[in-house]
Amino acid sequence: MRKHPEVTEKTRRRFIDSFWQALKKNGLNKITVSLITKEAGYNRGTFYEYFKDIPDLLEQIEDGLMEDLSNKMNDIFDRGLPFNLQTFSQECASILLEFDDTLFYLLSEHGDPSFSYRFKNKFINEITNHFDFGEKDCYKNYIIAYCYSALTGLRLYWYENGKELSFEEVVKITQGLIATGLFGFIGQDYVI
């Protein structure tokens, strides 16, 4: 007997949600199939209908997250460039906020180190395809890598510190740093 797609997706989703609950309580290295199946209310056999093992479950979560983020970024770019900095950074920040707990847990010290590497490369490739730097095109990947590090670093710091600033304040800091650099943001001149 075949299962209905809605039931299949609901069961799969319960395993994923249970994985997140177990991850937050126990950390990645202490998650077991038993922990997930107990939390989800299913047996081990049902788990193995959907996933080979814990790494497969994690990889499916990561792949789905990267695909969702990529689609949302492409939606922004498909509306056309150039954007003003404020609109562009608010839209990008709101996308990251939508995946906040999932994304930043995976990028944190508690997450999967290989995800951080894959996510960075995916982000850089997505952005690279949409920007033309003209005569400075040879620096494009470096510039985008810098922006990626700054953006994710600020968000990760915000996340790890209990979101002590408002989302709007973090977006404002990000915009200021991107637009003027560190010394411009703090009001000091710097000459190269």
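From the N terminus on, the elements of the protein chain run α-α-α-α-α-α-α-α-α. That comes to nine helices and zero strands, where helices (H or I, at least four residues) and strands (E, at least two) are DSSP runs numbered from the N terminus. The model is predicted: local features need pLDDT of at least 70, side-chain atom pairs count only at pLDDT 80 or more, and totals for chains, interfaces and linings use all residues. Residues are numbered from 1 along each chain as its sequence is written, and side-chain values use heavy atoms, with hydrogens and water left out.

Of the 192 residues of the protein chain, 36% count as buried; buried means under 20% relative accessible area, exposed over 50%, and partly exposed in between (1.4 Å probe, protein chains only). Among contacts (heavy atoms within 4.5 Å) with a separation of 6 or more, 56% join residues 24 or more positions apart.

Buried in α1 are T11, F15, I16, S18, F19, W20, A22 and L23. These buried residues pack against α2, α3 (44-50), α4 (54-78) and α6. G27 follows α1 and has a positive phi, near 85°.

The loop between α1 (5-26) and α2 (33-40) holds N29, which counts as exposed at 78% relative accessibility. N29 and G111 are 82 residues apart in sequence, yet 9.6 Å apart in space, C-alpha to C-alpha.

Helix α6 (residues 100-107) also meets helix α8 (residues 140-160), packing at an angle of about 105° with the axes 10 Å apart. Axes are lines fitted to C-alpha atoms, for helices over the stretch in contact, and angles run from 0 to 180 degrees between N-to-C directions. The angle makes α6 roughly perpendicular to α8, a term covering 65 to 115 degrees. On the α6 side the contact is made by D100, D101, F104, Y105 and L107, and on the α8 side by Y148, T152, R155, L156, W158 and Y159. By class, this contact has seven nonpolar, one polar and three charged residues (Ala, Val, Leu, Ile, Met, Phe, Trp, Tyr, Cys and Pro count as nonpolar, Asp, Glu, Lys and Arg as charged, and the others, Gly among them, as polar).

Finally, helix α9 (residues 167-186) contains T174, which is buried, with a relative accessible area of 4%. Leaving aside neighbours within four places in sequence, T174 is in contact with L151, L154 and R155.

Technical notes: Parallel < 35°, antiparallel > 145°, perpendicular 65-115°, else oblique.
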